[in-house]
Amino acid sequence: QVQLVESGGGLVQAGGSLRLSCAASGRIFSIDAMGWYRQAPGKQRELVANIARGGSTNYADSVKDRFTISRDNAKNTVYLQMNSLKPEDTAVYFCNAGITSSLWDMRSLYWGQGTQVTVSS
């Protein structure tokens, strides 16, 4: 089995920073793209950023120049550095990853359980 566990969420004032981490564990042969999504109350889940295994990144327009996604392949971990946070960034943040468990398995998409980020004005 594979698990993704997020950490680093919390309450912060507008203009502050938080760093989220998401560690994958279990039966892992390889990890392809990893990403962060968020879901605010009453809204659909949306992409925040994702990162390919080689390091190429993609960001939602709303977070460009404020958030930075990175990964440590040796630790099977993806990070999201969030700076200049705004109240509209308040949401539950989920990580995901495309993981292959063995040489003979197909790649599957796994999700973490989510971590709450609350930005006060």
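In this predicted model, D89 and R66 form a salt bridge whose closest N and O atoms are 2.8 Å apart. The two residues come from distant parts of the chain, 23 residues apart: D89 sits in the loop between β8 and β9, and R66 in the loop between β6 (57–59) and β7. D89 is buried because its relative accessible area is 1%, under the limit of 20%. R66 also counts as buried, at 10%.

The whole structure holds six salt bridges. One of them pairs D32 with R107, with 2.9 Å between the closest N and O atoms. This bridge spans 75 residues, from D32 in strand β4 to R107 in the loop between β9 and β10. D32 is partly exposed at 25% relative accessible area, whereas R107 is exposed at 55%. Another salt bridge joins K64 and D61, at 3.2 Å from N to O; K64 is partly exposed, at 43%, and D61 is exposed, at 65%.

The loop between β9 and β10 (108–111) also carries S102. S102 is buried, with 12% relative accessibility, and its side chain makes a polar contact of 3.0 Å with that of D105. Beyond its sequence neighbours within four places, S102 is in contact with R27 and F29.

The largest nonpolar core has 30 residues, of which W36, L80, M82 and Y93 touch the most other members. Strand β9 supplies the largest share, five residues. Not counting residues up to four places away in sequence, Y93 touches residues including W36, L80 and M82, as well as R38.

Notes. Residues are numbered from 1 along each chain as its sequence is written. This is a predicted model: local features need pLDDT of at least 70, side-chain atom pairs count only at pLDDT 80 or more; totals for chains, interfaces and linings use all residues. Side-chain values use heavy atoms; hydrogens and water are left out. A nonpolar core is a set of buried Ala, Val, Leu, Ile, Met, Phe, Trp, Tyr and Cys residues joined through side-chain atoms within 4.5 Å. Buried means under 20% relative accessible area, exposed over 50%, partly exposed in between (1.4 Å probe, protein chains only). Helices (H or I, at least four residues) and strands (E, at least two) are DSSP runs, numbered from the N terminus. Contact means heavy atoms within 4.5 Å. A polar contact is a pair of N or O atoms within 3.5 Å; within protein, one must be able to donate a hydrogen and the other to accept it, and residues adjacent in sequence count only if both atoms are side-chain atoms. A salt bridge is a side-chain nitrogen of Lys or Arg within 4 Å of a carboxyl oxygen of Asp or Glu.
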